[in-house]
Amino acid sequence: MSAALVSVIMPCYNDGRYIKEAIDSLRRQTYSNFELIVVDDGSDDSETVSILSTLNDGKTTVLHTNHLRPAGARNYGIERARGKYILPLDSDDTIEPTYLEKAVNVLETQPDIGVVYCQADLFGEKSGRWELPDYSRRAMLLDNIVFVTSMFYRSDWETVGGFKTNMDAGMEDYDFWLSILELGREIYQIPEVLFHYRIKPVSRTTSFQESCPQVQQIYRRIFENHKDFYKNNYDEVIPIMRDALIEQIFLRKKLETELKMVQGVKNIPILGKFIKWIIEHN
């Protein structure tokens, strides 16, 4: 029996300085039956355009789109993919050599699983473990804890209609995972760090997180997209939301108390200068 083909979908927009590192991490995979589809989403950086022009080979296909944004670019690539399984990988991130092999093994041996991901760490502007909670359905009802570089069935992508392009500011992966859960599939987390997420000074994620109205709008849209799912899980969702609200109230009180203490210390000249020095040098 031949190994299942995995299609790795890599949107790229002006990420020429990083993409070779991402592709090298694929070429080191212990699982060899994969194809790479790079979707150039309108890059106009000369370095990126030059690098992409050299990539077409037996295992790599470069497609060109015009600013479809990540969700649209992924959909475009998946539409043209031949694999049984799909793994999105952004052009500035990397994976460990055994990620494909271990993820495929889970999907091939556990038919109730629809999505496989792993633990992760950060590199670039910030480094260290990416402190995401361990996977649980309860946590997913509150917020997204599964990053987009996760493996899933191409057939499930077709069934749910792909990544929703109305999630233009982000969180299209969260919306997509909820759609997979609605199919009755489960999500499995490999208990190893197999994914490396690059932190940039400025990115779509950082811009999104800095706008409270935008965050509110996107989460409202997620609710509208999955209203029946939340209704069906009403008895779980309400206690989770209540607990999260209480936690935030207590965190805010703690921060306000700490801020008052710091402001009090600043009134002491020597300590105030010391705190100012620490702030300026960190």
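At 40% relative accessibility, Ile246 counts as partly exposed, a class that lies between buried (under 20% relative accessible area) and exposed (over 50%), computed with a 1.4 Å probe and protein chains only. The place of this residue is in helix 11, which covers residues 234-266; helices (H or I, at least four residues) and strands (E, at least two) are DSSP runs, numbered from the N terminus. Together with Leu245, Ile249 and Phe250, Ile246 makes a nonpolar surface patch of about 400 Å². Patches of this kind are made of residues with over 30% relative accessible area and no salt bridge, with nonpolar side chains (Val, Leu, Ile, Met, Phe, Trp, Tyr) joined within 5 Å and, for charged patches, like charges joined within 9 Å.

The model is predicted, and local features need pLDDT of at least 70 while side-chain atom pairs count only at pLDDT 80 or more, although totals for chains, interfaces and linings use all residues. Residues are numbered from 1 along each chain as its sequence is written, and side-chain values use heavy atoms, with hydrogens and water left out.

Taken as a whole, the chain contains 12 helices and nine strands, and buried residues make up 45% of its 282 residues. Among contacts (heavy atoms within 4.5 Å) between residues at least 6 apart in sequence, 79% join residues at least 24 apart. The chain exposes about 15,500 Å², of which carbon and sulfur atoms supply 53%; these areas come from the Shrake-Rupley method with a 1.4 Å probe, and for residues only the protein chains shown count as cover.

Helix 11 returns in the second largest pocket, where seven residues of this helix form the largest share of the lining. The pocket has a volume of about 460 Å³ and is lined by 17 residues, of which Leu141, Leu142, Asp143, Tyr219 and Met241 lie nearest its centre. Helix 5 (137-142), helix 9 (212-225), helix 10 (227-232) and helix 11 are the elements that give two or more residues to this lining. A pocket here is an open set of points on a 1 Å grid over the protein atoms alone, where a 1.4 Å probe fits, with protein on both sides within 12 Å along at least five of seven lines, and lining residues have an atom within 4 Å of a point. Grid points are joined across faces, edges and corners, and the volume is the space filled by probe spheres set on the points.

A search of the whole structure finds 13 salt bridges, each defined as a side-chain nitrogen of Lys or Arg within 4 Å of a carboxyl oxygen of Asp or Glu. One of them joins the side chains of Lys200 and Asp15 at 3.0 Å, N to O. Lys200 lies in the loop between strand 9 (186-199) and helix 8 (204-209), and Asp15 in the loop between strand 1 (6-12) and helix 1 (16-27), so the pair ties together parts that are 185 residues apart in sequence. Lys200 also forms a salt bridge with Asp92, the closest N and O atoms being 3.0 Å apart. Because Asp92 lies in the loop between strand 4 (85-88) and strand 5 (94-95), this pair ties together parts that are 108 residues apart in sequence. Lys200 is buried at 18% relative accessible area, as are Asp15 at 9% and Asp92 at 10%.
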